[in-house]
Amino acid sequence: MARPHPVFQPLTEAAFQARAKALIALLYGARTDEVMRRLNRLVNAHRTDFPPHDGAAHPELWSQRDQWLILYGDSLLEADRAPLAVLDDFLQSRLGEVISGVHVLPFFPWSSDDGFSVIHYREVNPALGDWSDIRRLAGHRDLMVDLVLNHVSRESLWFADYLGGNLPGRDFFVEMDPATDLSAVVRPRSSPLLVPVSTRRGVRHLWATFSEDQIDLNFANPDVLLEFVGILLFYLEQGARIIRLDAIAYLWKRPGTPCIHLPQTHAIVRLLRALVDHLAPGTLIITETNVPHEENISYFGLERLADATQASSSPQPDEAHLVYQFPLPPLLLHTLTSGEAGTLARWLESLPDLPPGCSYLNFTASHDGIGVRPLEGWLASHDIEALMALMQRFGGFVSMRSRADGSDSPYELNITWFDAMSGTRKGPDPWQVERFLLSQHLMLALKGIPAIYLHCLTATQNDHDGVEHSGRLRSINRKRWQRNDLEELLDSRHTSTRDVFLALTRRLAIRRDEPCFHPDAGQRVLASPPSLLILERGPLDDGRRLLAIHNVTDQRQPLAFPGIDNDDWQDRVAGGAWQRQDSLGPYRTLWLVSPGGGSHGAVS
């Protein structure tokens, strides 16, 4: 049965007003009319900056050609040039069309956490370039921009206002009596939740989820929400097409609750979605919530959508378009270091069917560490402990968080993905490059949109000097390349950087032209021994389907399973008819296509 493509579905004026008012009422109660008037003034002030629409549907939101890159604005450095300009030049010259979108991590003036403690939201860090550089990037590729809305830098003007008791910042933060029982609050860090601050009114204690420099904002004050609506619209005007809601899960605070995933937080995500669907249809909202899987996908609003289905024949998703597949990196790490794909297969089989307009962002590595919390319920504690010990053996670190009882538990593994592939539980071995490439090929085959961290593309090793210099464990995976050094490695034979870069860009070029990799094409895990992971993508309307076959071990594995002999398979990687084989080499992948009735079918 054909499934409709997700389309740019604009939200009409009447629908926007109704949805926004309902959400504002949930958030601010008796102040609803006042906040709605202010919201409409803000929206109307920006309306002329966006092209008008007639409410009709537009072409699809995404396709198999969507392949994104994640990096910092200064990941590539070159003497006497703005890093953002260097980045754009590198993307154009080295990657061309194989990368359709780029996530430039926070490029604003900042005071800590490599950009995630923002000082000025409407400025580009002058050390990186200016807004013209950002607009140039956005002109060449879909641009993802972070809306860092949970917290702000202590060096911001808002915080200076707070210290002096001046508007608007005076009421922008969450003051809390340190005697308040906050034991129910879920913590992503081991730092104190409340930080003492000296103000003109004396010492106050402020909520700080992540660090003493990143002070949480008070969204119970509608002024804060409206500030961020204006910031969001400004980013769209600069060319952003994808908005990443950083640390969104912790946004709303209410003592006595876990202060994570509260209904008000979901309401704010839905309000931002309504704004972009109304003013800039085709803009994508992605939520960043590094938590267990069921909590993570709650930002699709599937339960609410299911309830609405009973009252309406065709309800539309109205929360996030995309969520990160946070369980994927640690489960894939377990798979390739243990040599068993059964756990990964069971997790993939558990993924719910998503409605049109919702999809996953698949990745193996990012600027953060490899999350441990998403493993809850999937791996036994001894397997998690073995994984942590192995990553430390390969030169990595383990970051901790505080539990409600005051104890510490692992939060993430800090290591480059390339070095995480150094070996198996048996120790380091000669298969690092092959194992690494298998991890990327598997991720690229999954349903959803793939995102590759620059340091995967360049096979970057652990940056221990960076850790020593910054004092932060995450710096191990945030190397800043001198462009000349990187270009030399890319142009030199027999370097891991060159081998990985060429292999991945070639595979990306193949993938972007394969319709079975459309983000909405069906996905099914086929029965196989635990040494193999076999995925079927499709079938499309014309019957076309693809098998992605992965050997997750360091031994050659027999290649025999039901259906392999029933079709005339084409080898999508080697080209031409598949030369049948009875086994698959260590860490090898096959992409086999059964063309069906045509070469390019619609998603079914």
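Me: Over how many bridges do strand S3 and strand S20 pair?
Reply: The model is predicted. Strand S3 covers residues 68-71 and strand S20 covers residues 449-453. They pair in the parallel sense, and the number of bridges is three.

Me: Which residue in S20 is the bridge partner of Ile70?
Reply: S3 and S20 are paired strands, and Ile70 has its bridge partner in S20. That partner is Tyr453.

Me: By what angle are neighbouring strands of the barrel sheet turned against each other on average?
Reply: The closed barrel has eight strands in the order S3-S5-S6-S11-S12-S13-S14-S20, with parallel pairing. Between neighbouring strands of this sheet, direction ignored, the average turn is 25°.

Me: At about what angle does helix H14 run to S20?
Reply: Helix H14, residues 432-445, lies across two strands, S14 (359-362) and S20. Its angle to S20 is about 150°.

Me: Are H3 and H17 roughly parallel or roughly antiparallel to each other?
Reply: The axes of helix H3 (residues 83-95) and helix H17 (residues 483-491) come within 12 Å and cross at roughly 15°. Angles under 35 degrees count as roughly parallel. H3 and H17 are therefore roughly parallel.

Me: Is Cys456 buried or exposed?
Reply: Buried means under 20% relative accessible area. The value for Cys456 is 2%, so Cys456 is buried.

Note on methods:
Residues numbered from 1 in each chain as written. Predicted model: local features only at pLDDT ≥ 70, side-chain atom pairs only at ≥ 80, totals over all residues. Heavy atoms only, no water. Pairing = 2+ DSSP bridges. Helix = DSSP H or I, 4+ residues; strand = E, 2+ residues; numbered from the N terminus. Axes fitted to C-alpha atoms, helices over the stretch in contact; angles between N-to-C directions. Contact = heavy atoms within 4.5 Å. Buried < 20%, exposed > 50% of the residue type's maximum accessible area, 1.4 Å probe, protein only. Parallel < 35°, antiparallel > 145°, perpendicular 65-115°, else oblique.
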